[in-house]
Amino acid sequence: MDDPRVKTVLQAYADRRDQAIREAEGRRREALERIPGLAGAEAASRLAGLSYARLSAMGRLEEAKAWKMEQEASLRNIACLLQEQGYPADWLEPVFYCSRCRDQGYLPNPGGAPSPVRCACLDQRIREEIARSVDIRFPPEHTLAAFDETLFSPEADPKKYGVTLSPRENVRWIRKRCQDFVRDFADPACRNLLFTGPTGTGKTFMANCIGRELALKGYDVIRLTAPQLFDRIIRGKFDGDGTYQDILDAELLIVDDLGVESQSAAKFSIFYDLLESRNRTEPEKICRTLLSTNFKMKELVGFYDERIISRLLHWYDILRFAGDDARLTLSARRRECPGS
Ligand SMILES: [Zn+2]
């Protein structure tokens, strides 16, 4: 229930319910002014209801039953009084969007208080809220199914691309690895990923696909560029605002553009601590990291210190993206064939 999206939905339910009750109160005040016998009928209904509840609790069921009938008669009387004046019989009742849970989000117990059982309408609203928040962070068109491998050359050229497979076969294999990562995400054996390779070879797209699919499944996904990451951690440590802990605890942390941050011993130390903290072995806690860099592995080795490189090599599966810049291929294709 700590998910802020669930809190947002529950707050909307509370507001909606308050409004329905306020509006019913307004209608009731107006009806009381216009219908002379209504106040008396309501008082009789209240008295009968209270007597029924009190006697039921005392186990005096026969007497309670008589009061129950009295209450039902009073309610019928109220409905008649309303209808005589041209109002609907249920004019005084709050109008809720969901009649099952009365906009509480949880099904009522027999006594009327909400039970811990979620109403279907609340599940549906939470799903919608999660989808909305995911669409804001990850483009809806970035899905593994929509990935266009034809943007990558089918010709192998190890010297040019740095991989033995053709860029198309290579990216097909990477997509399969990404699908496996999403499928096995909750499995304690699921390994972290490190994307390397030049710009325009699909790293951002694949990271978006993974982030989107896991966020839609309800996992807590944080995505930052490396400069944002270091900035937030440094500020979070000073401010003590919980940002640092959120980054440490995210079920999936995606860090883009690793290596564009300025080099400093303090940042290396932060990064090393982050890698260590996120390499938790508690099996019940999901804590995976996806790092992405335009560097080749040997450039990363030159950029970070030995301890960091050793952690990356041990704890991360390295997926090496290769090929020409797919964005250029795509825009050339659009120029040839406008509207595609
Ligand atoms: Zn409901």
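Colleague: Which residue in strand 6 does Val255 stand opposite?

Modeller: Val255 stands opposite Leu291 of strand 6. This is a predicted model, in which local features need pLDDT of at least 70, side-chain atom pairs count only at pLDDT 80 or more, and totals for chains, interfaces and linings use all residues. Residues are numbered from 1 along each chain as its sequence is written.

Colleague: How many bridges join strand 5 to strand 6?

Modeller: Strands (E, at least two residues) and helices (H or I, at least four) are DSSP runs, numbered from the N terminus. Two strands pair if DSSP finds at least two bridges between them. Here four bridges join strand 5 to strand 6 (residues 288-293), and the two run parallel. Strand 4 (residues 221-225) also runs parallel to strand 5, joined by five bridges; Val221 has Leu252 as its bridge partner there.

Colleague: Which residues point each way from strand 5, and are they buried or exposed?

Modeller: A residue is buried if 20 or more other C-beta atoms, placed from the backbone, lie within 10 Å of its own, and exposed if 12 or fewer do. Leu252, Ile254 and Asp256 point one way, Leu253 and Val255 the other, and all are buried. Strand 5 (residues 252-256) is therefore largely enclosed by the rest of the structure.

Colleague: At what angle do helix 2 and helix 3 cross?

Modeller: Two packed helices are described by the angle and the distance between their axes. Axes are lines fitted to C-alpha atoms over the stretch in contact, with angles from 0 to 180 degrees between N-to-C directions. The axes of helix 2 (residues 38-58) and helix 3 (residues 61-84) come within 8 Å and cross at roughly 160 degrees. The two helices are therefore roughly antiparallel, a term for angles over 145 degrees.

Definitions and conventions
Angles under 35 degrees count as roughly parallel, over 145 as roughly antiparallel, 65 to 115 as roughly perpendicular and the rest as oblique.
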